[in-house]
Amino acid sequence: MKLQQIIPFAFSLAASLVSAQSFCSSAQHSGTSVKETSNKVGNIGGIGYELWADGGNNSATFYSDGSFTCSFQGSKDYLCRTGLSFDSTKPHSQIGHMYADFKLIKQNISNVDYSYVGIYGWTRNPLVEFYIVDNWLSQYRPGDWVGNKKHGDYMIDGATYTVFENDRFGPSIDGDTNFKQYFSIRQQARDCGTIDITAHFEQWEKLGMRMGNLHEAKVLGEAGSNGAGTSGTADFPYAKVYIGQGNGGAGNAAAPAPAPAANNNGGNNGGNNGGDWNNWNNNNNNGWNNNNNNGWNNNNNNGWNNNNNNGWNNWNNNNNNGWNNWGNNNNGWHNWY
């Protein structure tokens with residue numbers, strides 16, 4: 001077999017194997033799990049989580065791989081989320097480029113008047129509550145009612161989002177006080193994908209919407225009702241917030257510092273009738289970028305983007321049995337005669 005025949009075959013096989021690992025087509029919950037049936041802040045596997053609801057019969061199951069399932073019945077406002085916490089000492093530019101991967105499966109959703117699915121978090125100095133909304137459990141997309149200042153539509157990370165800004169007074173991570181509220185709302189909802197969180201931060205800053213020191217960034221599922229209460233299940237068989245490169249966390253960034261304990265006064269009045277978030281400051285939430293776990297972004301494991309393994313991403317290494325070691329003294333594909 002000649003080299004010219006090997007090259008397309010090798011790349012075709014590599015592409016098919018990578019495709020087979022796509023979280024949008026094959027994601028499922030894994031690892032240990034904990035089921036919460038009342039309002040709770042905690043962490044599992046170094047990943048922070050929270051369940052909060054106003055009324056109803058609710059639960060949430062959180063997994064050590066970051067995935068989670070939200071179940072709610074007769075709730076006026078319900079939310080659950082997982083992701084990364086920070087210590088509010090650095091702006092996003094000093095932490096690194098941040099992404100989130102998610103997959104959403106909606107089941108038996110009813111009586112949802114407002115909903116946000118995507119990314120949620122806070123900054124300090126200035127105090128900002130932010131949403132990046134890629135989907136919703138309600139029948140209609142969140143509208144102009146979410147913000148008292150509409151900045152317009154912008155292309156962010158390959159999709160069109162409408163950007164809003166609010167001046168709010170109410171519950172926050174620092175108690176009842178004044179704070180800013182930012183929204184990016186995707187025009188076309190999607191059930192699965194990678195969100196470039198930093199790209200939204202940068203677009204907001206271009207519009208004069210200042211960001212402070214990052215407190216948290218988490219994958220969020222929220223649903224609320226202005227009537228009898230909302231019901232259904234929002235399943236996230238894949239959910240991950242990480243620092244590195246998109247689509248699986250290619251990159252080897254250090255994990256963020258865990259957030260210290262603080263006044264947990266919540267702040268879920270995000271343009272709706274929800275209650276407070278109830279305790280934002282989870283400790284030890286080093287999330288997906290730990291060095292010693294079997295995650296996608298680890299340095300010393302058998303992940304896709306590790307430096308010292310026989311993985312797909314070792315394109316230019318001299319001492320691996322990789323696909324691209326064409327000219328090296330290895331047992332690679334080039335040794336065909």
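Residues are classed here as buried under 20% relative accessible area, exposed over 50%, and partly exposed in between (1.4 Å probe, protein chains only). The model is predicted: local features need pLDDT of at least 70, side-chain atom pairs count only at pLDDT 80 or more, and totals for chains, interfaces and linings use all residues. Residues are numbered from 1 along each chain as its sequence is written, and side-chain values use heavy atoms, with hydrogens and water left out.

Helices (H or I, at least four residues) and strands (E, at least two) are DSSP runs, numbered from the N terminus. Two strands pair if DSSP finds at least two bridges between them.

Strand 10 pairs with strand 11 (residues 159–170) in the antiparallel sense, over seven bridges. Ile156 stands opposite Ala159 of strand 11.

Most residues other than glycine have a negative phi, and most peptide bonds are trans. A cis peptide bond joins Asn125 and Pro126, with omega about 5°. Pro126 is found in the loop between strand 8 and strand 9. Ser88 has a positive phi, near 60°. Ser88 is found in the loop between strand 6 (77–85) and helix 3 (92–95), and counts as buried because its relative accessibility is 13%. Asn108, in strand 7 (residues 98–110), also has a positive phi, of about 55°. Asn108 is exposed, with a relative accessible area of 73%.

Asp235 is found in strand 15 (residues 230–243). Asp235 is buried yet has no salt bridge, a term for a side-chain nitrogen of Lys or Arg within 4 Å of a carboxyl oxygen of Asp or Glu. The nearest side chain of opposite charge, Lys103, is 8.3 Å away. Lys and Arg count as positive and Asp and Glu as negative; His and the chain ends are not counted. Contact means heavy atoms within 4.5 Å. Not counting residues up to four places away in sequence, Asp235 touches His29, Phe68, Thr69, Lys103, Leu104 and Ile105.
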